[in-house]
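Visitor: Please take one part of this model and go through it closely. Give me the cut-offs as you go.

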Amino acid sequence: MLDLPRLRVLRAVIATGSIRASATALGYTPSAVSQQLTTLQRETGLRLFERSGRGIEATAAARTLADEADAVFAAFGRVEQIVGDLRAGRVGSLSIGYFGSAGAAWLAPTVATLRAEFPELRLNLRLSEFSPGDPDIDIFVEETGTEHSGAVDVRRLAEDPYLAVVRADDPLAGAGEVALADLATRHWVDNDHRQGPCRQVLLNACAQAGFSPGFVVETHDYRTAMAFVATGIGLTVVPSLGIGELPETLATVAVVSPTPVRTISVAVKKSVADHPAAQRTVEVLEGLVR
């Protein structure tokens with residue numbers, strides 16, 4: 001395989017017309033340039049220079065080789081630029097996993113920042129409930145007793161307390177807070193997947209209060225559950241992040257004794273932990289939850 005530095009020396013000697021001038025341009029000694037040319041002749045099996053008076057003259061083979069090397073150096077320059085872009089996080093791809101309410105609250109401003117600062121970076125967004133996998137960055141709800149893989153760095157983003165959502169004309173609507181046990185006899189609207197960690201947080205809190213909620217309707221998302229609450233069929237208890245903008249027909253009440261709280265964390269693969277865009281993603285998320 002041809003050596004790129006020797007090809008660079010060849011091009012310099014042809015461009016300057018002398019070994020001494022090319023040595024000065026390259027920061028080499030004249031003897032080092034001569035050695036590089038001798039080695040290149042041996043590697044190629046070509047006669048590259050001939051004596052011409054007190055100097056040398058490039059052969060037709062040398063000029064052809066130098067001309068063809070221009071394309072090689074142009075391509076190599078592009079590769080070096082790509083390396084720089086990759087190091088700076090400007091190109092490549094980054095996958096981000098998220099769950100519904102975190103996506104609604106945080107994903108748009110996070111992506112907007114990344115698009116502005118890393119315009120050539122390809123983002124792959126994955127809603128965890130429907131696209132399970134192993135994203136580079138994963139926003140998730142911690143499950144009790146879960147041990148994380150050694151391949152990721154995990155940091156806590158937020159503690160998200162649950163609120164009761166009731167109709168605006170419900171007697172509870174004017175209360176500042178309600179003990180969870182006081183909701184034991186009420187009709188409830190379920191709002192999450194039966195095996196989901198967010199639902200389990202709520203069920204564990206109800207168990208501490210000494211009851212199991214009486215679900216009369218089972219839904220799998222917060223917005224649908226709140227639409228049922230608006231009909232008067234029952235109440236629902238939702239993490240505060242999942243409530244969003246309530247219609248005037250609904251109200252929220254703080255739940256206490258105990259307060260169900262879910263822990264939201266972000267996991268970053270160690271393989272991308274030094275990626276500037278990955279680091280910026282975490283910075284933006286932490287700024288949003290402050």
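Guide: Start with Asp-160, which is buried at a relative accessible area of 5%. Buried means under 20%, exposed over 50% and partly exposed in between, with a 1.4 Å probe and protein chains only. The model is predicted: local features need pLDDT of at least 70, side-chain atom pairs count only at pLDDT 80 or more, and totals for chains, interfaces and linings use all residues. Residues are numbered from 1 along each chain as its sequence is written, and side-chain values use heavy atoms, without hydrogens or water.

Asp-160 sits in strand S6, residues 152–167. Strands here are DSSP runs of E with at least two residues, numbered from the N terminus.

Now its polar partners. The side chain of Asp-160 forms a polar contact of 2.8 Å with the side chain of Arg-262. A polar atom of the Asp-160 side chain also lies 3.1 Å from the backbone nitrogen of Leu-241. A polar contact is a pair of N or O atoms within 3.5 Å; within protein, one must be able to donate a hydrogen and the other to accept it, and residues adjacent in sequence count only if both atoms are side-chain atoms.

What else does Asp-160 touch, leaving aside neighbours within four places in sequence? Contact means heavy atoms within 4.5 Å. Asp-160 is in contact with Pro-239, Ser-240 and Leu-241, and also with Pro-260, Val-261, Arg-262 and Ile-264.

Elsewhere, the crossing of helices H1 and H3 is built by Arg-6, Leu-7, Val-9, Leu-10 and Val-13 of H1 against Val-33, Gln-36, Leu-37, Thr-39, Leu-40 and Glu-43 of H3.

Terms used:
Helix = DSSP H or I, 4+ residues; strand = E, 2+ residues; numbered from the N terminus.
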